[in-house]
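The sequence and structure come first.

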Amino acid sequence: PLEGKPQMTFQVNKEGARVDVDTDEQYPTRRDFHFDFIGDTDLSQQELYDVNVAPLVEAAVQGYNSTVYVWGTTSSGKRYTTFGPDVMSAAWRAEPFPREAPPPSSALENMGFLPRAFET
């Protein structure tokens, strides 16, 4: 701990889609952050798409403006969540998978939300 700096504790409530932040007794403060959805590390790319992105794609097709905002710290998985593993994009561009051939099934399972939106 840093001397003279408040210490924080975080409590994540996935069911309520809420993060509570409490500071120590010296600087008593509580902040509650509410989200539409909080996913866990065991959430699949398909589940993430179904819950968060598919409704926005459907709304966009119906003429509504829709935005998926991906935010996080460096190396937190934003590009993976958006596009999928780098292996998938390489499978579409290079040998040994010609453009006409489908990507390997593992690439489809891990495909990010952006390619999934175009598959819809």
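In the counts below, Ala, Val, Leu, Ile, Met, Phe, Trp, Tyr, Cys and Pro are taken as nonpolar, Asp, Glu, Lys and Arg as charged, and the others, Gly among them, as polar. The model is predicted: local features need pLDDT of at least 70, side-chain atom pairs count only at pLDDT 80 or more, and totals for chains, interfaces and linings use all residues. Residues are numbered from 1 along each chain as its sequence is written, and side-chain values use heavy atoms, with hydrogens and water left out.

**Fold and confidence**

The protein chain has five helices and three strands, where helices (H or I, at least four residues) and strands (E, at least two) are DSSP runs numbered from the N terminus. Their order along the sequence is β-β-β-α-α-α-α-α. The average pLDDT (the predictor's confidence in each residue, from 0 to 100) is 77 for the protein chain, and 72% of the residues score at least 70. Confidence is highest in α1, with a mean of 92, and lowest in helix α3 (residues 86-93), with a mean of 52. Of the 120 residues in the protein chain, 19% are buried; buried means under 20% relative accessible area, exposed over 50%, and partly exposed in between (1.4 Å probe, protein chains only).

**Strands**

Two strands pair if DSSP finds at least two bridges between them. The pairings are listed here.

| Strands | Direction | Bridges |
|---|---|---|
| β1 (residues 8-13) and β2 | antiparallel | six |
| β2 and β3 (residues 30-34) | antiparallel | five |

On the β3 side, R18 has H34 as its bridge partner.

Helix α1 (residues 45-61) bends by about 50° at V53, and a proline, P55, follows within four residues. The bend is the angle between axes fitted to the seven residues ending at a position and the seven starting there. Q45, L48, Y49, V53, V57 and A59 are the buried residues of α1. An α-helix has 3.6 residues a turn, so residues three or four places apart point the same way. Just after α1, G63 takes a positive phi of about 105°.

In the loop between α1 and α2 lies S75. Phi of S75 is also positive, near 65°, in a residue other than glycine. Most residues other than glycine have a negative phi. S75 is exposed, at 76% relative accessible area.

**F118**

F118 belongs to helix α5 (residues 113-119). With a relative accessibility of 71%, F118 counts as exposed. The C-alpha atoms of F118 and V57 are separated by 9.1 Å, although the two residues are 61 residues apart along the chain.

**Largest pocket**

On a 1 Å grid over the protein atoms alone, a pocket is an open set of points where a 1.4 Å probe fits, with protein on both sides within 12 Å along at least five of seven lines; lining residues have an atom within 4 Å of a point. The largest pocket holds about 1200 Å³ of space, a volume being the space filled by probe spheres set on the points, which are joined across faces, edges and corners. Its lining has 31 residues, of which F37, G39, Y69, V70 and W71 lie nearest the centre. By type, the lining residues are 17 nonpolar, eleven polar and three charged. β2 (18-23), α1 and α2 (78-83) each supply at least two residues of the lining, and the largest share, five residues, comes from α1.
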